[in-house]
Amino acid sequence: MMKFRFRRQGADPQREKLKQELFAFNKTVEHGFPNQPSALAFDPELRIMAIGTRSGAVKIYGAPGVEFTGLHRDTATVTQMHFLPGQGRLLTLLDDSSLHLWEIVHHNGCAHLEEALSFQPPSRPGFDCASGPLSLARVTVVLLLAAGDLAALGTEGGSVFFLDVPTLTLLEGQTLAPDDVLRSVPDDYRCGKALGPVESLQGHLRDPTKILIGYSRGLLVIWNRAAQCADRVFLGNQQLESLCWERSGNTLVSSHSDGSYAVWSAGAGGSPVTQPTVATTPYGPFPCKAINKILWRNCASGDHFIIFSGGMPRASYGDRHCVSVLRAETLVTLDFTSRIIDFFTVHSTRPEDEFDEPQALAVLLEEELVVLDLQTPGWPAVPAPYLAPLHSSAITCSAHVANVPAKLWARIVSAGEQQSPQPASSASSWPITGGRNLAQEPSQRGLLLTGHEDGTVRFWDASGVALRPLYKLSTAGLFQTDCEHADSLAQAAEDDWPPFRKVGCFDPYSDDPRLGVQKVALCKYTAQMVVAGTAGQVLVLELSDVPSEQAVSVASVDLLQDREGFTWKGHERLSPRTGPLPWPAGFQPRVLVQCLPPAAVTAVTLHAEWSLVAFGTSHGFGLFDYQRKSPVLARCTLHPNDSLAMEGPLSRVKSLKKSLRQSFRRIRKSRVSGKKRAANANSKLQEANAQLAEQACPHDVEMTPVQRRIEPRSADDSLSGVVRCLYFADTFLRDAAHHGPTMWAGTNSGSVFAYALEVPAAAAGGEKRPERAVEAVLGKEVQLMHRAPVVAIAVLDGRGRPLPEPYEASRDLAQAPDMQGGHAVLIASEEQFKVFTLPKVSAKTKFKLTAHEGCRVRKVALATFASVACEDYAETCLACLTNLGDVHVFSVPGLRPQVHYSCIRKEDISGIASCVFTRHGQGFYLISPSEFERFSLSARNITEPLCSLDISWPRDTTRTSHRLRESPKLSQANGTPGVVLAPGSRDGSPGPARSKGADTPEPPEATLSPMSIDSATSADTTLDTTGDVTVEDVKDFLGSSEESEKNLRNLAEDEARACAILIK
């Protein structure tokens, strides 16, 4: 018998139209530093920079807000990149020796990065040598010639091939074989070992017919392409690593594998040069590591810069990552904390200029980008307006603050400028300034707060495309750690030679794991914030514009309440420093509340108007009055059998006996429940009948779906007492006639505690309340039936809207809540959403997400969605992220499903755990340890690149019309589906329409020149990710093998279908 019940005919077309005006899913931009960079390029004419990654991503950056992103079809490492100067085109070389030509092109009213052509060289292994047929077995180096129309390719076999860049075709008859070079070499040098791979190719700035070729053996040749002969030969005997040609062409410098470099005179003369003019090992005489790259830049003052990477003494400093800058007698050894990928100088490249006059040095490292100002004495580092390493210390939590008041914004920016010697906003010193940002100034300012493992909280400007660092708050100075003693020892042991200078901010090592920040909360109206950490520390801070020296009040709250039988086996609490401490301008700590036992804080909330802070751990929750500096409430939520909560996150001691006992209980329970459900033995038959009934019914009839049976969770599950959420509200709890302050707490076992608070009211017009004590009385206690963890709690007013934040209503910054109609409380658990009436707490509406969709709730937020069609119309909805990576949007308070989108791969556990929603329908999640992916659920509120780039195409260059594919919005490297442009859009027909909001209007095409390019897209890539991972996340990831095999089959079919489309 089929259990189907017909509801109503079809969907409301008016509502469907309204949904399209309110909701739209877009992945818009990637914030942060590209994960695993592998290549670097710079266009000195357009002043834009490109970074390639190991996953095949290509990212081009200009001025703040100017970004273009592409993704190679194959997940291969980008080994080299070269700009065609001034053309907005980029040639990339992958580790499979394939070459790809990218173009920034205008298409459908906007611009993006497209792969125009690709070239896969014929590979015949074993024949890339002088004695057999020549082939491109492996390309080792690429050099662009003749304004980018020609490329020279050096290979592993020692041959140099020439490639026509506009068509990416090999030029026949121009290949330079090793035998052609050996004819100009003396017989005694020719004998013995081969020349080896081509290590370096350099072009002459003033004479494009000359190429400097360096072979691995050490031979250097200036080859004249016009005369097809060698002009000069330099007989080096040391293994070559890098070459650089001085601007005039009279001097060249070579670096070698033994840590030395040599300067050669390239003046007129026919005989081979056997000895360099200068040969030196800068960090000798002991064995040194190779100098991987070297640059020579001359100055009008008569001296010159020599910049090289590597060359450190192998025994003493072989593990250091260094770039040395030498000018006259000044040598600075820049010491970085991650591996050096590449570097370049920003200097004059016009042929008519006599000197290079380098302005800046940009060094791409594995974990950050560092730029030094070479024109300022001391060569200081230039603060980056974007590309800052989010993961300078591992991110442990994040939060978003919308609509930040202008006054608070200015105070935070000012505090950040006092931390750095140069303001990050000074665009004059930042050398990568290409393109123009066409996006309008954001209508509101958004702050992204990230908590880190080293106890810091970083403030980021998340208003636009460029995620700009504003301010860094450090909490480590309040506590006594062992790092100071270690630092003093390290400094004492440091010698004056080499002259190391620490550069960069990437520091992955934490002095003490207990310093890690777990939760942050900020009141944007009073400039007060709470930072909670791993060892149970809860800090209340206040923003100050001037430095101060003051003591911090310390209080302890015992959450166990003298409960017997529990012994904390985890880490110790952090020891605070005593006495007055100096604090710089910015957020300064006022009160330290220490939870006992010192377990990690799992939830925190702040109510600045009442001067209250609530916090929760795996043992219970507490309420603290930071105005009177006294605790108000402490409640233990531990179950009598919950001993796992006493071991702590840093303890590796697990009870094998307890875990085995729990496993047997689950098996026994499943057997018992299986006997009770003997009637469900034919479940597969029922599913087949349901599918047949679905096919037989008309498509415009909506039916009640079959609900999954949800097993209630055991009351004695481990970590059942973890406090998941805390919430303050001014609502009706005792009776329907009187409203007042309340505090709500939700736990891992589905318990909800509601306390009525007696908070002394502030005098009229006064900011602070009287000094009387705050009292808390338990008003309601709710136990959810299935004991699913409570993820979020929110109170809705009489109109069904969420209550405003503290001070919003009293300062007329938001509409006052409706206190006439009945209030309701929305409780979101991992399995369902439920609305209860207040003060009776009787169920009103609910939606069983797990029963209907088979997924569990991970993140929840109330967001306002503004309409594209009508500026005055907006709806408040509930946004939800599930453990499968899907985003669902529900109406409030009706809890009707509106839309749902696939956002994150379900295998990306830490990406799901790191997701944070904004109040206006956007969100962020980590796609790698160093990158946030930004997405939008709103059709109107979209933050995406919108920029222009003035490029100049050569007159004789014909634009290729046979594009391989449009790159933006391809399927990302993490498998997240993106917006793939339809095949019909390749010939100029419109692709998928994308709504633009009032914040980023699309500029009229009439104002754009034919070569003015607008970018409105960004590709999505992901690799390894970080974030808080729970036990439930791992269970969801493991899943069933049958489901995994099905997903793999679907993925293979999708890839095959995509290949078929490309072939057509």
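Guide: Let us start with Arg-320, which lies over the face of Phe-500 at 4.3 Å from the ring centre.

Visitor: What makes Arg-320 count as lying over the face of Phe-500?

Guide: A charge sits over a ring if NZ of Lys or CZ of Arg is within 6 Å of the ring centre and within 35 degrees of the ring normal. Arg-320 is placed over the face of Phe-500, 4.3 Å from the ring centre. Lys-293 lies over a face too, that of Phe-343, at 5.0 Å from the ring centre.

Visitor: What kind of model am I looking at, and how are its residues numbered?

Guide: The model is predicted, so local features need pLDDT of at least 70 and side-chain atom pairs count only at pLDDT 80 or more, while totals for chains, interfaces and linings use all residues. Residues are numbered from 1 along each chain as its sequence is written, and side-chain values use heavy atoms, with hydrogens and water left out.

Visitor: How many aromatic pairs does a search of the whole structure find?

Guide: The search finds 23 aromatic pairs. For Phe-23 and Phe-865, the ring centres are 5.0 Å apart and the planes stand at 70°.

Visitor: Why is the pair of Phe-23 and Phe-865 called edge-to-face?

Guide: Rings of Phe, Tyr and Trp (its six-membered ring) pair if their centres lie within 6.5 Å; planes under 30 degrees apart count as stacked, over 60 as edge-to-face and the rest as tilted. With centres 5.0 Å apart and planes at 70°, Phe-23 and Phe-865 therefore form an edge-to-face pair.

Visitor: Why is this pair said to tie together parts of the chain?

Guide: Phe-23 lies in strand S2 (residues 23–32) and Phe-865 in strand S56 (residues 857–866), so the pair ties together parts 842 residues apart in sequence. Strands (E, at least two residues) and helices (H or I, at least four) are DSSP runs, numbered from the N terminus.

Visitor: Why is the pair of Tyr-386 and Trp-430 edge-to-face?

Guide: Their ring centres are 5.6 Å apart and their planes are at 75°, so this pair is edge-to-face. Tyr-386 is in the loop between strand S29 (369–373) and strand S30 (395–401), and Trp-430 is in the loop between helix H5 (406–419) and strand S31 (436–437).

Visitor: Is Tyr-386 buried or exposed?

Guide: Buried means under 20% relative accessible area, exposed over 50%, and partly exposed in between (1.4 Å probe, protein chains only). Tyr-386 has 2%, so it is buried. Trp-430 has 3%, so Trp-430 is buried as well.

Visitor: Why is Gln-36 called partly exposed?

Guide: Gln-36 has 30% relative accessibility, so it counts as partly exposed. Gln-36 also has a positive phi of about 55° although it is not a glycine. Its place is in the loop between S2 and strand S3 (37–43).

Visitor: What makes the contact of His-100 with Ser-98 a polar contact?

Guide: A polar contact is a pair of N or O atoms within 3.5 Å; within protein, one must be able to donate a hydrogen and the other to accept it, and residues adjacent in sequence count only if both atoms are side-chain atoms. The side chains of His-100 and Ser-98 make such a contact at 2.9 Å. His-100 is found in strand S9 (residues 99–107), and with a relative accessible area of 9% it is buried.

Visitor: Where does the side chain of Thr-850 reach?

Guide: The side chain of Thr-850 reaches the backbone oxygen of Cys-855 at 2.8 Å. Thr-850 lies in helix H9 (residues 849–853) and, at 9% relative accessibility, counts as buried.

Visitor: What does the side chain of Ser-914 reach?

Guide: The side chain of Ser-914 reaches the backbone nitrogen of Leu-926 at 3.0 Å. Ser-914 is in the loop between helix H10 (909–913) and strand S60 (916–917), and its relative accessible area of 9% makes it buried.

Visitor: Which peptide bond from a glycine to a proline is cis?

Guide: The bond from Gly-284 to Pro-285 is cis, with omega near 5°. Pro-285 has its place in the loop between strand S22 (278–280) and strand S23 (291–298).
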